[in-house]
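This briefing goes with the sequence and structure shown below. Please read the points against the coordinates.

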Amino acid sequence: MDSNEHELAEGAAPPPPRAPGIAGLSTPYRVLTSLALGAVGIAACTHLALVFLHVAPSNTLSKQHAGTVDAWIYPEFEQNWKLFAPNPLQQNIAVEVRAEVRTAAGELLTTSWRDLSAEDAAAIRHSLLPSHTEQNELRRAWDFYTGSHDEDEKPVGERGELSEEYLRRIAVDRLAPDHRGGRILRIQMRSATTSVPAPKWSTESTDTQTYYRELPWWKV
């Protein structure tokens, strides 16, 4: 009889099974895990509270903490309710960008216009779980910019410069992977707006010509 058979023969009990979940961790790891879960819970509750104050009707609390709420919400978490507006959008607005690039050989060239909106549409088409970023990031950034600038592209209000920085950051992030051999010096963005044609049964006449709004060149 070997030693293992001898121990079993003497009635030695097997080691107790490990407890499931956090309870099965050692004390230091249980403390760290509890702290991490607590921090995530606090952050989630804080985010929900700030979004609620942003979308709720104006009240004493939202007025008192307006600066904090706006700093957290804009621009990434801004809310938009145009779907339920009395006059929903009836235009297709495509956001395009081009860049001035210094190549590795020292040559200065200007790229052709690149339709970022079409790329987003292609990424979500036929997708069962489309990305929230692909659906809304660029569109909301453009709305944010146009809502904080006048017809001369001058900032209106305190968030004008922030909207420019946000839109520029999105465009450069999209362009950078295609120009790793060179350096992007400047970018220019524009919108191409085309009205949605009236249905065939309607007698309404719609101007379906595409109109462009070009922004000035921005240094990167």
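Among contacts in the chain between residues at least 6 apart in sequence, what percentage join residues at least 24 apart? In this predicted model, the share is 55%.

**Overall make-up**

- The chain has seven helices and six strands.
- Their order along the sequence is α-α-α-α-β-β-β-α-α-α-β-β-β.
- The chain has 220 residues, of which 24% count as buried.

- Most residues other than glycine have a negative phi.
- His126 is not a glycine, yet its phi is positive, at about 70°.
- The loop that holds His126 runs between helix H5 (116-124) and helix H6 (132-146).
- His126 has a relative accessible area of 78%, and because exposed means over 50%, His126 counts as exposed.
- Glu153 also is a residue other than glycine with a positive phi, in this case near 60°.
- Glu153 sits in the loop between H6 and helix H7 (160-175).
- The relative accessibility of Glu153 is 13%, and because buried means under 20%, Glu153 counts as buried.

**Glu100 in strand E1**

- Glu100 belongs to strand E1, which covers residues 91-102.
- With a relative accessible area of 15%, Glu100 is buried, because the cut-off for this class is under 20%.
- Leaving out residues up to four places away in sequence, Glu100 touches Leu108, Leu109 and Thr110, the run Arg183, Ile184, Leu185 and Arg186, and also Trp217.

**Nonpolar surface patch**

- Tyr29, Val31, Leu32 and Leu35 make up a nonpolar patch on the surface.
- Together, these four residues have about 440 Å² of accessible area.
- One of them, Leu35, is placed in helix H2, which spans residues 27-55.
- Leu35 has a relative accessibility of 58% and counts as exposed, because that value meets the requirement of over 50%.

Terms used:
Residues are numbered from 1 along each chain as its sequence is written. This is a predicted model: local features need pLDDT of at least 70, side-chain atom pairs count only at pLDDT 80 or more; totals for chains, interfaces and linings use all residues. Side-chain values use heavy atoms; hydrogens and water are left out. Helices (H or I, at least four residues) and strands (E, at least two) are DSSP runs, numbered from the N terminus. Buried means under 20% relative accessible area, exposed over 50%, partly exposed in between (1.4 Å probe, protein chains only). Contact means heavy atoms within 4.5 Å. Patches are made of residues with over 30% relative accessible area and no salt bridge: like charges are joined within 9 Å, nonpolar side chains (Val, Leu, Ile, Met, Phe, Trp, Tyr) within 5 Å. Accessible areas come from the Shrake-Rupley method with a 1.4 Å probe; for residues, only the protein chains shown count as cover. A salt bridge is a side-chain nitrogen of Lys or Arg within 4 Å of a carboxyl oxygen of Asp or Glu.
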